[in-house]
Amino acid sequence: MAKIIDLSLLLTAEATVVPGHPRLTFRPIHTHKTHGRSNTAMSFSTHTGTHVDAPYHFVSKGKTIDQVPLDRFMGPAVMVDLRRRAKAKTPITIDDIRISPGFRERELKGKIVVLHTGW
């Protein structure tokens, strides 16, 4: 049986955000005490918490996230540990990936590659 690993982080006011992006905020709309139900408005950047950059993020004619099939985000995966290589405002190179723990090129075919930067 396949093992499913949920990579999502909790969305909290303390969630890590990309520098220059607003922090996550919550504003109650309804409360059980006053309205008999609970609803909350949330405001945050799309770079808050766990997210996927759609091709459109960097390519003007690229696919938006709603155009990427959901099954592209599920399946056998390999994690490459880039925590020692990733630096702010510095691109990750193929050489960074090749020398990182977890990288075994022969094991990548047909797998999702998770780049673990620690960010």
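A salt bridge is a side-chain nitrogen of Lys or Arg within 4 Å of a carboxyl oxygen of Asp or Glu. The exercises below apply this and other terms to a predicted model, in which local features need pLDDT of at least 70 and side-chain atom pairs count only at pLDDT 80 or more, while totals for chains, interfaces and linings use all residues. Residues are numbered from 1 along each chain as its sequence is written, and side-chain values use heavy atoms, with hydrogens and water left out.

**Exercise 1. Confidence**

Determine where in the protein chain confidence is lowest and where it is highest.

Solution. Step one is the scale: pLDDT is the predictor's confidence in each residue, from 0 to 100. Step two is the overall value: the protein chain averages a pLDDT of 87, and 98% of the residues score at least 70. Step three turns to the elements, where helices (H or I, at least four residues) and strands (E, at least two) are DSSP runs numbered from the N terminus. Confidence is lowest in strand S4 (residues 112–116), with a mean of 86, and highest in helix H1 (residues 32–35), at 97.

**Exercise 2. Salt bridges**

State how many salt bridges a search of the whole structure finds, and describe the pair formed by Asp 81.

Solution. The search of the whole structure finds three salt bridges. Asp 81 pairs with Arg 83, and their closest N and O atoms are 2.6 Å apart. To describe the surroundings, residues are called buried under 20% relative accessible area, exposed over 50%, and partly exposed in between (1.4 Å probe, protein chains only). Asp 81 counts as buried, at 17% relative accessibility, whereas Arg 83 counts as partly exposed, at 47%.

**Exercise 3. Two pairs involving helix H2**

Locate the partners of the salt bridge between Arg 85 and Asp 96, and explain the separation of Arg 98 and Asp 95 in helix H2.

Solution. The side chains of Arg 85 and Asp 96 meet at 2.8 Å, N to O. This pair links distant parts of the chain: Arg 85 is in the loop between strand S3 (77–81) and helix H2 (94–98), Asp 96 is in helix H2, and they are 11 residues apart. Arg 85 is partly exposed, with a relative accessible area of 37%, while Asp 96 is buried at 10%.

Arg 98 forms a salt bridge with Asp 95, with closest N and O atoms 3.9 Å apart. Because these residues are three places apart in helix H2, about one helical turn separates them. Arg 98 is partly exposed at 42%.

**Exercise 4. The nonpolar core**

Identify the residues of the largest nonpolar core and the contacts of Phe 103.

Solution. A nonpolar core is a set of buried Ala, Val, Leu, Ile, Met, Phe, Trp, Tyr and Cys residues joined through side-chain atoms within 4.5 Å. The largest one has six residues: Val 78, Val 80, Leu 82, Ile 97, Phe 103 and Leu 108. Contact means heavy atoms within 4.5 Å. Not counting residues up to four places away in sequence, Phe 103 touches Val 80, Ile 97, Arg 98 and Leu 108.

**Exercise 5. Leu 7 and Lys 89**

Describe the location of Leu 7 and the phi angle of Lys 89.

Solution. Leu 7 is found in the segment before strand S1 (25–30) and counts as exposed at 52% relative accessibility. Apart from neighbours within four places in sequence, Leu 7 is in contact with Thr 50 and Val 114. Lys 89 lies in the loop between S3 and H2. The phi of Lys 89 is near 60°, a positive value in a residue other than glycine. Lys 89 counts as exposed, at 87% relative accessibility.
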